[in-house]
Amino acid sequence: MPADVIMPMLGMAQETGKVLRWLKQDGESVRKGEPLLEVETDKVTVEIEAPADGTLAGVRAGDGVEVPVGEVIAFVLADGEVAPVADAEPRVSREVEAVAAAPTVEPVTMPSRKRGPLASPKARRLAQERGVDLAALQGTGPNGAIVAADVERLQHIGTKSPAQETAVTNSDTFAVSSVWRVMAQRTQASWQDVPHFFLHRDVDASRLNSWKRVAPEKTSVTDLLVKVCAEALRRHPRVNASWRDGNIEPAPGVNVAIAVATSDGLVVPVVHGADTLTLQQISERRRAVAEAARAGRLRPEDVQGGSFTISNLGMYGVDAFQAIVNAPQAAILAVGRTADRPWVVDGAVVARPVMTLSVSFDHRAVDGARGAEFLDTLASLIEEPAGLVA
């Protein structure tokens, strides 16, 4: 039976996704796991991989077309198979057919075109924004793929001086990527629709710093915080939930998302099942998704299912800040830098490394008392992480 290529769901409230660019042509051979197309959703731009080995066929949505979540947009055929005839109404994937029928959308035939050079999504976007011909570049990425740095390098050869390049006049405008546009829309919607409240607490980070010194190589403060937050969420499942259709729905797992800044905008990849992972596993996962985010290579599963978010700006010298809830999640942790401050110990004032935690909550899912209890657990685990060191 032909393998379905479907428009994925990357968020609970997502209804559609946009086909940005097909990376394979109708009739071309593909391998399972090979990138087929780029899709823009309400969360991020991702690459969709081939679900099986075979031949891409029956492409039903061309570049730029908005498609309902779950709709079949193409097939991968094994030898001897034939693509199903297009229905009067678009066919929904077998995985979601029992859940809901997709809205009617006229099938769109993919125009035949010459295959472009292998390039990351970020490199393609930069090239389009700057009028760069990708065919003229020599890729330095895996398998000779063109990456964003290759486009940037071309732009800096024989062009303006750095001072000229960074000069901005009143008539200039800044280019806005699709990722930035989506981020802006989601942030605005969350700020308008979610009744926020904020709790703050300073914590002694001495033991956290000691833990980092004995942790596996390349472990970051963010990795430690993912581990701590996962344990706190396990103890307070009400915070690991979301407000949806008048009900508080528990998340299917403790999936901690991490805000990652890229040149295109903010994306939030997820460490799934963080409460079941060792610190080293968390660190490896965090490094992998952060690298993929900055290279524009996130997969759909990398941004699905987050139940809580951490935003750490300590590396920028920020002392404290308040973050906007990443709806439909119920809470987000904002972390500032760790700096020596006066701290009272046994009646004496001493210098201690202090970190400020700020948690933003959706008041529909979490009330003040529950939020305070969660923050107290979080602070206690940071100040005494015994039992979490692994």
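Contact, as used in this note, means heavy atoms within 4.5 Å.

1. Basis of the note. The structure is a predicted model, in which local features need pLDDT of at least 70, side-chain atom pairs count only at pLDDT 80 or more, and totals for chains, interfaces and linings use all residues. Residues are numbered from 1 along each chain as its sequence is written, and side-chain values use heavy atoms, with hydrogens and water left out.

2. Overall content. The protein holds eight helices and 18 strands; helices (H or I, at least four residues) and strands (E, at least two) are DSSP runs, numbered from the N terminus. Of its 390 residues, 46% are buried, where buried means under 20% relative accessible area, exposed over 50%, and partly exposed in between (1.4 Å probe, protein chains only). Among contacts with a separation of 6 or more, 63% come from residues 24 or more positions apart.

3. His196 counts as buried because its relative accessibility is 17%. Its side chain reaches two backbone atoms: the oxygen of Val194 at 2.8 Å and the nitrogen of Val325 at 3.0 Å. Polar contacts of this kind are pairs of N or O atoms within 3.5 Å; within protein, one must be able to donate a hydrogen and the other to accept it, and residues adjacent in sequence count only if both atoms are side-chain atoms. Not counting residues up to four places away in sequence, His196 touches Ser190, Trp191, Ala323, Ile324, Val325, Ser360 and Phe361.

4. Pairing around β18. Two strands pair if DSSP finds at least two bridges between them. Strand β18 runs antiparallel to β9, to which it is joined by nine bridges; here Asp202 has Thr356 of β18 as its bridge partner. Strand β18 is also antiparallel to β17, through 13 bridges, with Val344 opposite Val349 of β18. Two residues lie between the strands in the hairpin of β17 and β18, where Asp346 takes a positive phi near 55 degrees.

5. Helix α8. This helix covers residues 368-383, 16 residues in number, and reaches 22 Å from its first C-alpha to its last, close to the 22 Å expected at 1.5 Å a residue; the expected span is 1.5 Å times one less than the number of residues. Its buried residues are Gly371, Phe374, Leu375, Thr377, Leu378, Ala379, Leu381 and Ile382. They pack against β9 (196-204), α5 (206-214), α6 (221-235), β16 (308-312), β17 (331-345) and β18 (348-362).

6. Nonpolar cores. A nonpolar core is a set of buried Ala, Val, Leu, Ile, Met, Phe, Trp, Tyr and Cys residues joined through side-chain atoms within 4.5 Å. The largest has 70 residues, and those with the most contacts inside it are Leu37, Phe308, Ile310, Leu333, Leu357, Phe374 and Leu378. Helix α6 gives the most to this core, with eight residues. Another core lies apart from it and has ten residues, including Ala119, Ala123, Ala148 and Val151.

7. The four-stranded sheet. This open sheet has the order β5-β4-β2-β7, with antiparallel pairing. Strands β5 (45-49) and β7 (66-68) stand at the edges with a single partner strand each, so one side of each is left without a neighbour in the sheet. Strands β2 (residues 16-22) and β4 (residues 35-40) pair over four bridges in the antiparallel sense, and Arg21 stands opposite Glu38 in β4. Leaving aside neighbours within four places in sequence, Leu37 is in contact with residues including Val19, Arg21, Val46 and Ile48.
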